[in-house]
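Keep the sequence and the model side by side.

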Amino acid sequence: MLQDIPTPTWREASSCVLETERLMLRRPTLADVKAIARLANDRRIAEMTRRLPHPYLQDHAIEFVRATANDPHETVFLIENNFVPVGMVGVDWREPETPELGYWLGVEHWGQGFGTEAARAVIDFTFEEFEVEHLVSGARVANPSSRNILEKCGFQWSGVELHRFEALGSSTPVDRFRLSRSVWSSLKNWGSSTRREG
């Protein structure tokens, strides 16, 4: 399955920078570890994301940055507003036939539209750079804000599944969503983002 992921495209993806009206999305580096740990070390975030532990320590951030730097299973971007880190967004490629969009924002940055803006940039990038027919994503049933982001991006509800959340130490219901390339194409006029090679 791994051989299905085009390596040149991945290398290009890992070093590019996406720019939107208010945000810059770039690969996280070890220089970002303190900021990532500070943002992610909040139970309200950890309880809404499957893989974030709580407490989230600098060692977790170091491990995350090192792992994603060389992992073809994820396309990960640090989200910055005015050069200040506000969260993370990316696509998990562990299931190459069903790449999954994921994101989280620091609590102080909730409610400002950054999640939607960042998600749209990564959705555009993914459909433009990779030969995929759809993206999937999910939001805890108890997380209407994340569900709203997905719906604003054109994702359509596809059912409910149980998923294990590391911070909760248990499984909880998750609304599952899907965005097809054809729906994305019809919505493509939602705004402009640019990409430059970093």
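Start with the rings: the structure holds four aromatic pairs. Rings of Phe, Tyr and Trp (its six-membered ring) count as a pair if their centres lie within 6.5 Å; planes under 30 degrees apart are stacked, over 60 edge-to-face, and the rest tilted. Trp93 and Phe130 make a tilted pair, with 4.5 Å from centre to centre and 45° between the planes. This pair links distant parts of the chain. Trp93 sits in the loop between β4 and β5, and Phe130 in the loop between α5 and β6 (134-140), 37 residues apart. Both Trp93 and Phe130 are buried. Here buried means under 20% relative accessible area, exposed means over 50%, and partly exposed is in between (1.4 Å probe, protein chains only). Phe77, Trp93, Phe125 and Phe130 form one aromatic cluster.

A word on the model and its numbering. The model is predicted, so local features need pLDDT of at least 70 and side-chain atom pairs count only at pLDDT 80 or more, while totals for chains, interfaces and linings use all residues. Residues are numbered from 1 along each chain as its sequence is written, and side-chain values use heavy atoms, with hydrogens and water left out.

One more ring has a charged neighbour. Arg140 lies over the face of Phe165, at 5.7 Å from the ring centre. The criterion for a charge over a ring is NZ of Lys or CZ of Arg within 6 Å of the ring centre and within 35 degrees of the ring normal.

Now the strands. Helices (H or I, at least four residues) and strands (E, at least two) are DSSP runs, numbered from the N terminus. Two strands pair if DSSP finds at least two bridges between them. Strand β3 (residues 74-81) and β4 run antiparallel, joined by eight bridges. Glu80 stands opposite Pro85 in β4. The two strands β3 and β4 form a hairpin with two residues between them. In that turn, Asn82 has a positive phi of about 55°. On to the next pairing: β4 and strand β5 (residues 100-105) are antiparallel too, over six bridges. Gly87 has Leu105 in β5 as its bridge partner. How much of strand β4 (residues 84-92) is covered? Eight of its nine residues are buried.

A second hairpin is made by β1 and β2, with three residues between them. Two bridges join these antiparallel strands, β1 and β2. Leu18 stands opposite Leu25 in β2.

Turn to the charged side chains. The structure holds 16 salt bridges. Each is a side-chain nitrogen of Lys or Arg within 4 Å of a carboxyl oxygen of Asp or Glu. Arg22 forms one with Glu117, the closest N and O atoms being 2.8 Å apart. Arg22 is in the loop between β1 (16-19) and β2 (23-26), and Glu117 is in helix α5 (residues 114-129), 95 residues apart. Arg22 is partly exposed, at 34% relative accessible area. Glu117 is buried, at 15%.

Glu128 lies in helix α5 and Lys188 in the loop between α7 (181-187) and β9 (194-197), so the pair ties together parts 60 residues apart in sequence. Glu128 is partly exposed, at 44% relative accessible area, and Lys188 is partly exposed at 29%.

Arg176 and Glu161 also meet in a salt bridge (3.6 Å, N to O). Arg176 belongs to strand β8 (residues 170-180) and Glu161 to strand β7 (residues 156-165), 15 residues apart. Arg176 counts as buried at 9% relative accessibility, whereas Glu161 is partly exposed at 39%. Salt bridges that share partners join Arg50, Glu100, Glu161 and Arg176 into one network.

Finish on helix α4 (residues 58-69). Its 12 residues, at 1.5 Å a residue, should span 16 Å, and its end C-alpha atoms are 17 Å apart, which agrees. The expected span is 1.5 Å times one less than the number of residues. Which residues of α4 are buried? They are Ala61, Val65 and Thr68. These residues cover an arc of only 75° around the axis, which puts them on the same side of α4. The arc is that of the directions from the helix axis to the C-beta atoms. An α-helix has 3.6 residues a turn, so residues three or four places apart point the same way. The face of α4 turned away from its buried side carries the exposed residues Asp59, Glu63 and Arg66.
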